[in-house]
Amino acid sequence: MFEIILDNKNGTLWNITELVTSATWQTSRLGKAGSLEITFVDDLYQRNPDFIYEVGNVIRVRRENKGIFYGYIFEVNEEASREIKLKAYDQIRYLLNSESYVFVNKTATEIIKTIISDTQLTLDSSNFADTLKPIPKMSAESQQMLDTVFKALSETTAISKKIYIFYDDFGQLKLTPLEDMKLDLILGDNSLVTNFSRSYSIDSDTYNYVVMTQKNEESGATKKYIAMDSGTIAKWGKLQLNRTADEKLNKAQINEILDAALALKNRPVSTLKIEVLGDIQVRAGSMIQVEIKEIELNGIFIVKECQHKFTGDEHTMSLELEGKL
């Protein structure tokens with residue numbers, strides 16, 4: 001049983017569960033805040049004039065006492081029929097503000113915690129992973145803070161080959177290693193997948209020739225370091241990625257970063273989209289197993305985009321997954 005509470009900050013919590021006719025909860029692995037859209041008929045207002053809703057109010061969604069969504073109303077739409085549509089975002093929305101930073105020898109964890117502190121958001125200190133590997137130097141000039149967060153995580157992945165998931169969990173910001181996001185769940189033939197599509201591409205985020213340029217600020221001289229895969233170059237052509245190396249890095253460190261980047265990028269980008277009966281534990285960043293015998297598919301995928309739809313007693317999911325097909 002779901003419970004939807006509206007806190008309009010006047011000292012009263014309003015349970016609007018029975019009024020809501022539909023709800024959509026959406027999460028993204030990269031670059032977006034989680035959102036909740038609900039539609040309800042404002043019958044409660046006819047009975048109690050103290051019931052009001054406006055931007056900035058809090059919406060909480062729970063299921064069997066487990067927190068699902070905690071966010072803030074950013075948009076209100078009212079119809080003549082008294083049908084109301086509210087759109088709320090979790091606190092990651094506030095990381096879309098822009099700021100400038102320069103970090104030297106800081107880990108992604110330290111960088112993200114600094115940004116969270118500056119914005120006075122709430123993190124779960126007991127579930128905030130230590131990424132361990134320091135980033136020699138990273139700067140951001142008037143960039144969205146969320147972009148800076150994911151830039152730090154991308155740099156960490158390039159150095160350590162480890163992927164971390166940053167997300168809001170019912171009002172608490174968490175940072176979790178990807179391997180800890182694996183769900184004990186198999187989606188596919190036995191879980192009523194109603195539709196699917198798949199694709200793979202080398203057009204957007206595939207590289208088989210990685211170049212790192214290192215500049216000596218004192219002398220002005222530059223050095224280039226290269227990692228490449230001649231096999232895939234012969235098959236796909238040369239797909240080049242250019243990166244800049246901090247001048248304090250030595251050759252071994254640069255080669256380690258090059259090798260990690262090539263290992264991560266030297267493959268087609270695979271995308272699988274499925275529509276399936278809903279499971280509330282699935283969110284963007286989750287790892288799940290998918291089995292679809294019709295296309296001889298059996299593998300582990302990362303959830304890139306996750307949309308839960310609730311209409312009456314019906315709960316469905318639309319998932320965009322990424323992984324190796």
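1. Let's start with charge. The chain carries 38 positive and 47 negative charges, and their mean positions lie 7 Å apart. Here Lys and Arg count as positive, Asp and Glu as negative, while His and the chain ends are not counted. Each charge is placed at NZ of Lys, CZ of Arg, CG of Asp or CD of Glu.

2. A word on what you're looking at. This is a predicted model, in which local features need pLDDT of at least 70 and side-chain atom pairs count only at pLDDT 80 or more, while totals for chains, interfaces and linings use all residues. Residues are numbered from 1 along each chain as its sequence is written, and side-chain values use heavy atoms, with hydrogens and water left out.

3. Now the overall build. You'll find five helices and 21 strands in the chain; these are DSSP runs numbered from the N terminus, with helices (H or I) of at least four residues and strands (E) of at least two. The C-alpha trace spans about 75 × 50 × 35 Å along its principal axes. Of the 325 residues, 46% count as buried (buried is under 20% relative accessible area, exposed is over 50%, partly exposed is in between, with a 1.4 Å probe and protein chains only).

4. Contacts next. Taking those between residues at least 6 apart in sequence, 65% join residues at least 24 apart, where contact means heavy atoms within 4.5 Å.

5. How is the chain divided? The domain assignment gives domain 1 (2-89), domain 2 (94-178), domain 3 (181-201 + 269-322) and domain 4 (209-266), with bounds from an automatic or database domain assignment. The centres of domain 2 and domain 3, taken over C-alpha atoms, are separated by 27 Å. Six residues from domain 2 and seven residues from domain 3 take part in their contact.

6. Have a look at the largest nonpolar core. It has 40 residues, and Ile 112, Leu 153 and Phe 166 touch the most other members (a nonpolar core is a set of buried Ala, Val, Leu, Ile, Met, Phe, Trp, Tyr and Cys residues joined through side-chain atoms within 4.5 Å). Helix H3 (residues 145-160) gives the most to this core, namely eight residues. Domain 2 (94-178) and domain 4 (209-266) both supply residues, so this core lies between them. Leaving aside residues up to four places away in sequence, Ile 112 touches Phe 128, Val 149, Leu 153, Phe 166 and Leu 175.

7. There's also a second, separate core of 23 residues, with Trp 14, Phe 40, Phe 51 and Ile 280 among them.

8. Is Ile 16 buried or exposed? Ile 16 counts as buried because its relative accessibility is 0%, and it sits in the loop between strand E2 (13-15) and strand E3 (20-28). Not counting residues up to four places away in sequence, Ile 16 touches Ile 4, Leu 6, Ile 38 and Phe 51.

9. Asn 105 has a positive phi of about 50° although it is not a glycine; Asn 105 belongs to strand E8 (residues 98-107) and is partly exposed at 47% relative accessible area. Ser 142, also not a glycine, has a positive phi near 50°. Ser 142 is in strand E10 (residues 134-144) and is exposed, with a relative accessible area of 54%.
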